[in-house]
Every structure is written in structure tokens, then in C-alpha cells.
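Visitor: I'm new to this one. Can you walk me through it?
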Amino acid sequence: MFNYEVRNKLENIIQGAVIQEQPDSCTAIKNQLCSGYPTSTTVKRDFESKRLIKEEQVWFLQKLADKENLWIPNLPVNWTYLTHGGEAKIYLHPDQLSVVKLNAAVYYVTWVMN
């Protein structure tokens with residue numbers, strides 16, 4: 001399904017590792033978030049107080065998406081809806097090699113998800 005390089009990259013992103021010398025936008029944005037905001041894999045009692053950090057990250061991500069022209073205003077009509085979960089909807093590209101995951105991150109304290 002995935003070659004070794006793609007699998008390794010996905011594992012690094014999921015684990016929150018800062019990945020050096022990767023030119024793609026996804027890795028660069030993830031590295032910036034990980035460098036600026038601490039992560040935690042446990043549920044915190046102070047979830048509400050961390051909401052301010054998440055709001056700050058939303059502002060950061062919106063400005064970065066504007067600057068780098070990363071917004072996807074609408075999914076193309078020919079993308080196939082696959083499934084959804086508690087916070088995400090997933091669509092398959094017609095080439096059947098890539099997906100778009102629309103994620104609201106409602107289950108996470110911050111946008112840096114580990």
C-alpha cells in the first residue's frame with residue numbers, strides 16, 4: 001500500500017518528530033507547530049485553559065495558509081467520499097493514491113496531534 005519512504009514520513013508526523021530537510025508544506029508546517037508548542041499524549045485536567053493555545057494555533061495556521069496559498073476552498077466534485085469519524089471526513093482523489101482528511105481536531109487540546 002505505502003512504500004517505505006511514505007510510511008516512515010507518516011510515522012514521524014504522527015509521533016511529533018521534527019523532520020529536518022523536508023521541503024513539503026505539510027512537514028514544514030508540522031515542524032513549526034512542534035517547535036513552538038509542547039505536545040502531550042494524555043488528557044489534561046486543564047483542557048479549557050489550553051484552548052487559548054489552540055486558538056493561537058488556529059490564527060497561526062490561517063495566516064500561514066493565506067501566505068502559502070494552501071487553502072482548498074472546495075473539494076473537487078470528482079473526489080469520492082470515503083468515511084467519517086468523530087472529527088474528520090475523508091475523501092479519495094480520483095487517482096486513488098491520495099486522500100484529503102478534513103479534521104476539526106475537537107478531541108485534541110492543540111493542533112499538534114500526537
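Here is a short chat about the chain, its layout and a few of its residues.

Guide: This is a predicted model: local features need pLDDT of at least 70, side-chain atom pairs count only at pLDDT 80 or more, and totals for chains, interfaces and linings use all residues. Residues are numbered from 1 along each chain as its sequence is written, and side-chain values use heavy atoms, with hydrogens and water left out.

Visitor: How many helices and strands are there in the chain?
Guide: Three helices and three strands. Along the sequence the pattern reads α-α-α-β-β-β. Helices (H or I, at least four residues) and strands (E, at least two) are DSSP runs, numbered from the N terminus.

Visitor: What share of the residues count as buried?
Guide: Of 114 residues, 20% are buried. Buried means under 20% relative accessible area, exposed over 50%, partly exposed in between (1.4 Å probe, protein chains only).

Visitor: Is Q57 buried or exposed?
Guide: Buried, with a relative accessible area of 0%. Q57 sits in helix α3 (residues 47–68). Its C-alpha atom is 7.5 Å from that of T110, 53 residues apart along the chain.

Visitor: New topic. How many aromatic pairs are there?
Guide: Rings of Phe, Tyr and Trp (its six-membered ring) pair if their centres lie within 6.5 Å; planes under 30 degrees apart count as stacked, over 60 as edge-to-face and the rest as tilted. That rule gives one pair. Y81 and Y91 are edge-to-face because their ring planes meet at 65°, with centres 5.6 Å apart.

Visitor: Which strands hold Y81 and Y91?
Guide: Y81 is in strand β1 (residues 80–84) and Y91 in strand β2 (residues 88–92). Y81 is partly exposed at 41% relative accessibility, while Y91 is buried at 16%.
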